[in-house]
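Here is a walk through a predicted model. Keep the sequence and the structure open side by side.

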2 protein chains.
Amino acid sequence: MKRMKNRGQLIVISGPSGCGKGSVIEKLLESTDLNLWLSLSTTSRQIRDNDIPGKTYNFVTKEEFEKKIEEDYFLEYAEYSGNYYGTPKSTIEEKLENGIDVILEIEIQGALKIKEIRKDALFIFILPPSMRELKRRLEGRNTETKEKILKRFKTAYREINEVTKYNYVVINDEMEEASKKINSIIEAEKCRVDRIEETYLNSLEEEIHEILLEDNETI
Amino acid sequence: MKRMKNRGQLIVISGPSGCGKGSVIEKLLESTDLNLWLSLSTTSRQIRDNDIPGKTYNFVTKEEFEKKIEEDYFLEYAEYSGNYYGTPKSTIEEKLENGIDVILEIEIQGALKIKEIRKDALFIFILPPSMRELKRRLEGRNTETKEKILKRFKTAYREINEVTKYNYVVINDEMEEASKKINSIIEAEKCRVDRIEETYLNSLEEEIHEILLEDNETI
């Protein structure tokens, strides 16, 4: 009896700026047994000290980004704190068809756009343990001015109200714990009864019939 | 900022006779970091070679069981292959109130009764990798006559049709893997957005207000 190969799962991970989603996802990719692929976003924002172009983001200029929008290059894109962020369409669909789970690390605005077009996606919201801790993390980034931090805080306030549109919430108290929880969420989703192939259940029933017939029995 | 202590989760695990749910649960309890408690069922069935009274089941006579039914001792009970199986009410509620997750290992009939009275419970169905394998396992039990095995198979056929009433399905290909999946399911459930305390989200918002006020800012 064979089980059909399942399609990959599209997983959207977002959270307020400074909640640590980047590090949590990095830890997840390092430690998971699951077949995960992180889709790289494109952005027009400035490169920060801890950025690695082609790893944290694909960096382009504002003009290049706008050209890509016209070329229908993005699954979704959004403007956020004056910069563009977008999710390239290419390869995502191919990975999913090959049974690979695709992770999108995107801002809340972008995530909600994905929700409109991809009902089957899984939405995970990462929250900081407290807002004081979030502030501390944002201040630790040397690139952020006081005004930018305040702006991010006001944005975070609006964003936390969107949490109910997500499926799961993970509080990033401790990075390793948080990445383990995301791993569990992805693994558990694969066991949801609505994802079990009907063909698999039918094949179990057929087998029962066969076994009973061998003993001249029927249901 | 404090998060309120969450109530424990009631987790119902069932599956056809021979699917290996007992061993999977044993493995789960051995290896989990979660705070789990296995509720012991009471039965009037015969003690098998691998049974440990007070560990696999509480064994009572048919007459004793019927007396307990009259005394309203059970959350649910069912007759299955001519024997009674029941879930004692006592201690379950106490454990849940103390934030401990309670596992009930019960037959499908009993599980569906629980579903009617406990909408908040989590239902996990364990399936064997194949029905041939299930047959092999049942035949491996020396206590089972050929007739009993055939009867169990016919029951399994009916039971597999009830799988869609459950929340999750775990295929018991490999015991350790299956127990890990159940652990993930329980962990993931705790992250579901509808289980996040509203008070926690409110406290995050209050904190943002406080922080902004310190800088003479408002939302």
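**Charges and strands**

In chain A, the side chains of A:Arg118 and A:Asp120 meet in a salt bridge, 3.4 Å from N to O. A:Asp120 is partly exposed, because its relative accessible area is 38%. Side chains of opposite charge can pair when their charged atoms come close.

Now turn to chain B. B:Glu189 forms a salt bridge with B:Arg195, and the closest N and O atoms are 3.3 Å apart. B:Glu189 has a relative accessible area of 5% and is therefore buried. B:Arg195 reaches 33%, so B:Arg195 is partly exposed. Back in chain A, salt bridges with shared partners join A:Arg7, A:Glu93, A:Arg118 and A:Asp120 into one network.

A further pair sits within a helix. Helix H5 of chain B covers residues 131-140 and holds both B:Glu139 and B:Lys135. They lie 4 residues apart, about one turn of the helix. Their side chains meet in a salt bridge of 3.7 Å, N to O. B:Lys135 is at 17% relative accessibility, under the 20% limit, so B:Lys135 counts as buried. B:Glu139 counts as partly exposed, because its relative accessibility is 46%. Over all chains, the count comes to 38 salt bridges.

Which residues form a negative surface patch? The patch is made by A:Glu63, A:Glu64, A:Glu66, A:Glu70 and A:Glu79. Helix H2 of chain A, residues 62-70, gives the largest share, 4 residues. A:Glu66 has its place in helix H2 of chain A. A:Glu66 is at 32% relative accessibility, so A:Glu66 counts as partly exposed. Patch residues need over 30% relative accessible area and no salt bridge.

Finally, follow the strands of chain A. Four of them make an open sheet: 4 strands in the order S4-S3-S6-S5, with mixed pairing. Which strands lie at the edges? They are strand S4 (58-59) and strand S5 (74-80) of chain A, and each pairs on one side only. The partner to inspect is strand S6 of chain A, residues 83-88. S5(A) and S6 pair in the antiparallel sense over 6 bridges. For a point to locate on screen, take A:Tyr77, which stands opposite A:Gly86 in S6(A).

Key
Residues numbered from 1 in each chain as written. Chains lettered and ligands numbered in written order. Predicted model: local features only at pLDDT ≥ 70, side-chain atom pairs only at ≥ 80, totals over all residues. Heavy atoms only, no water. Patch = residues over 30% accessible without salt bridge, like charges linked within 9 Å, V, L, I, M, F, W, Y side chains within 5 Å. Areas by Shrake-Rupley, 256 points an atom, 1.4 Å probe, with all protein chains shown as cover. Salt bridge = Lys/Arg side-chain N within 4 Å of Asp/Glu carboxyl O. Lys, Arg positive; Asp, Glu negative; His and termini not counted. Charge placed at Lys NZ, Arg CZ, Asp CG, Glu CD. Helix = DSSP H or I, 4+ residues; strand = E, 2+ residues; numbered from the N terminus. Buried < 20%, exposed > 50% of the residue type's maximum accessible area, 1.4 Å probe, protein only. Pairing = 2+ DSSP bridges.
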